[in-house]
Amino acid sequence: MQATTESAVVNFWIAPNGKIATWNDACAQLLGYATRDILARPLERLLPHSAQQRLAKLLEAAREAPVTVESDLMHADGSVVPAALTLAPQCRKTGRLCGFGALLRAGRMHGGAAAALCEHDLLSRTPPGEVIDLLPGTFYMINPAGRLVLWNTWVERATGLSYAEVEATAAIDLFPPDERALVQSRIEQVLQRDGPVVVEASLLSGGGASTPFLFTGTRILVNDVPYVCGMGLDISERRKQEEQLRLRERALHASSNGIVIARYSGQSHPIEYVNPAFERITGYRAADIVGTNWEHVSALMSIPGIDDDQHALARAAIRERRETRVTCRHLRKNGEIFWNEMTVAPVVNESGAGTHFIGVMNDVTESKQRTSFLEHEINHDMLTGLANRNLLWDRLEQAIHMAQRSKALVATILVDLDNFKVINDTLGHEAGDEVLRVVARKMLGSVRESDTVARLGGDEFVLVLVNQPSLRYTLRMIERLRKGMENAVTIDGREVAVQASMGVSVFPHDGANAGELIHAADTAMYHAKLAGRNDVQFFSHDMKVATDAKLKLETHMRHALENDEMFLVFQPKLSLKTGKIVGAEALPRWRHPEQGLLLPASFILEAEENGAIVPFGEWVFNRLCEVMQRLKQLGFQGLVMSMNVSFRELNQRGFIALLGEKLRQSDLAPETFELEISEANLLRNAELSQRIFTDIARQGIRLTVDEFGAGVSSLKNLNALPVTNLKIFKSYVGRLTTDNLSDMMAKTIIGIGHLMNMGVIGEGVETPGQRDFLKQNGCDQVQGNYFSQPVPLPAFELLLADASFAAG
């Protein structure tokens, strides 16, 4: 190759936009332009007008590969300098163009010389100092003494040191103390053998900050002296990316949600990552899953025929590379079913193309179970598991809606257990609860799956029999229900007979909605109880009239006391030994605003049922205390005044203590006051009776068992109670001298009472013969219309003052 005799070679840097980025003294000497006049000027300024039009194409071609052209260049003084111009593309590590290296050789090249020099000779003749300053990173050479002997300007920029400071600093001192041993070992490694060495270390800057670099070095020999020759690339950005990746990986590992990442690969999706939570939730280890197609794993965890629609949604989202969320049941590796709330979303690269998808699994089994449990609790009775009032109303309204469309009947049956309170009082509430559970199971076993059995509360149940073609069909179902309840319930080895009163209403005859049907069935059930219990009654209009009257009575009852409609009358009790009045029984009367004067038989049972008996009893006791105080002030001493008390009142917490306190406040001796309780109430709960009667005796209050002989009392239990008197059952007294059985019963009761040191009272004496029989057989006291009807207080005071009034 032969070139012109002029062999000046210079190089400079051109930015991607075609403007001159660097200029040195050699360039200025060749073309006459000072640095300040040429920097940032377009390259076309160096070309004559004829060559400027080709510059754009030249730069475009140089983006792909080095290009060499011969062209005249314009000197600053206007003269022309013939030269060969080579443009070589320079790219960052990302592949992005960062500029062009320009190599300028003055003079003409002849023949093939220009072509031969364009790529090798021309570039190889470029001064190394100019080339290394253009490198996108640090360049350095270190001698065996550990000193930098050659470096580019990147070293100075990275360390913040001047040329002189770099020259005076040992290479190892450019690194943080904790990295110097590593760097020193790598330098020594390079100096001792051939081959490249790579190390990551940080360069210290003058301000104390450090910048991470990736250094490469290899050994070169100059006059048999080894040097480390290498480069360093700033990896700050890479470190940030790596830290972000590590942070994300730690987050994925630490996540309580299961995470699976799979790659889009045609029709298959091989799994590339699963986190520990995925292993915990599914039971599958990462080693078993990674590399396996997602479709295979999904099939392993799916339950055939369950939540297929959700699985289809997930498959479609993966196929279409879009996000979705599904909730389905999956199988763990051990076969256990769990609820999986899974989000599937595509993962895209920097160009926006989907390369992977991520599945985020959330085990919501506990939440589903808790929700299911709460829904069940909201809609079901806790004791029996039956539907409660909320669910009953919903089911009944649905049944009515279906019946309207199908023209069928809906039967509503309200069931109330007879004498269930007796079971609670005698056997305890736990036994009562067990009875309710057993009855609930029997009811469920007597109806169809489409029917509803609900518990309203207490001992009340409701059955909704849907799609009834006729009343005859309903009657057959009711008969099956009653037959299923015939067998006694066994509680702790003891058989307990359970009977029920049932009221039936039928849609559409007895009501158009749930409320009306329940009300009608309740009315019918009430009439079943009035008919003698253990009965079934269908609702009728007459029942409604009677029920309305009952409700009206109850409403009036609530206002009877505040309207001062109640008053007391007194029936004297006389001693058969002295013939004198020894006390009286206080009996309530009600001046009803519409029905006139009502005796206790007209309202007491209803008051016990609706709870009004408690305020009524309090009023009777308070009024009686006032009467006893008045009689005491009038000088009538030694009288014993009594009142009737219900078991419900006795069951009130602190009731007996309140009686004693009231007597003390009224300055009344407790032995002048007597409570009368019927034998039927005495039998309800022997243990409770024992406790209550002991409290009564502790207060000094007298106690009389009323209607004795009407039930079957245990003499052993009776003897253990602090009873003062027995009242012979009124029916026996009413048949004395005319009925041998009544005579025998009366004699027996008198004998029992005296054997137990109790007084005996004959109640309901209407004739002299009854009086004489009782007196002859040792009865202690009598009361009845033969002596005096119940009278108001003034009349009773007159009887007390009448010395001639006696039992005879």
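One cavity of 30 Å³ or more was found in the predicted model, a cavity being a set of points, on a 1 Å grid over the protein atoms alone, where a 1.4 Å probe fits but cannot get out. Grid points are joined across faces, edges and corners, and a volume is the space filled by probe spheres set on the points. The largest cavity has a volume of about 260 Å³. Its lining comprises 20 residues, and Y140, I142, F175, V183 and F215 lie nearest the centre; lining residues are those with an atom within 4 Å of a point. Two or more lining residues are given by each of strand 5 (138-142), helix 9 (177-192), strand 7 (197-204) and strand 8 (210-222). These elements are DSSP runs numbered from the N terminus, with helices (H or I) of at least four residues and strands (E) of at least two. By class, the lining of the largest cavity holds 16 nonpolar, 3 polar and 1 charged residues. Here Ala, Val, Leu, Ile, Met, Phe, Trp, Tyr, Cys and Pro count as nonpolar, Asp, Glu, Lys and Arg as charged, and the others, Gly among them, as polar.

The model is a prediction in which local features need pLDDT of at least 70 and side-chain atom pairs count only at pLDDT 80 or more, while totals for chains, interfaces and linings use all residues. Residues are numbered from 1 along each chain as its sequence is written, and side-chain values use heavy atoms, with hydrogens and water left out.

Side chains of opposite charge can pair when their charged atoms come close. The structure holds 32 salt bridges, each defined as a side-chain nitrogen of Lys or Arg within 4 Å of a carboxyl oxygen of Asp or Glu. In one of them, E200 pairs with R238, and the closest N and O atoms are 2.2 Å apart. This pair links distant parts of the chain, with E200 in strand 7 and R238 in helix 10 (residues 236-254), 38 residues apart. E200 is partly exposed, at a relative accessible area of 31%, and R238 is partly exposed at 24%; buried means under 20% relative accessible area, exposed over 50%, and partly exposed in between (1.4 Å probe, protein chains only).

A salt bridge also joins the side chains of R332 and E336 (3.4 Å, N to O). R332 is buried, with a relative accessible area of 14%, whereas E336 is partly exposed at 40%. K632 and D667 form another salt bridge (3.6 Å, N to O). K632 belongs to helix 23 (residues 613-633) and D667 to the loop between helix 25 (655-665) and strand 26 (673-678), 35 residues apart. K632 is partly exposed at 36% relative accessibility, while D667 is exposed at 56%.

An open sheet of 5 strands has the order 16-17-15-20-21 with mixed pairing, where two strands pair if DSSP finds at least two bridges between them. Its edge strands, each pairing on one side only, are strand 16 (452-457) and strand 21 (536-538). Strand 16 is mostly covered, with 5 of its 6 residues buried. Strand 16 runs antiparallel to strand 17 (residues 460-468), joined by 5 bridges, and V453 stands opposite L463 in strand 17. The hairpin of these strands has 2 residues between them, and G458 takes a positive phi near 60 degrees. Elsewhere in the sheet, strand 15 (residues 409-417) pairs with strand 20 (residues 500-507) in the antiparallel sense over 8 bridges, and V415 stands opposite M502 in strand 20.

How values were computed
On a 1 Å grid over the protein atoms alone, a cavity is a set of points where a 1.4 Å probe fits but cannot get out, and a pocket is an open set with protein on both sides within 12 Å along at least five of seven lines; lining residues have an atom within 4 Å of a point.
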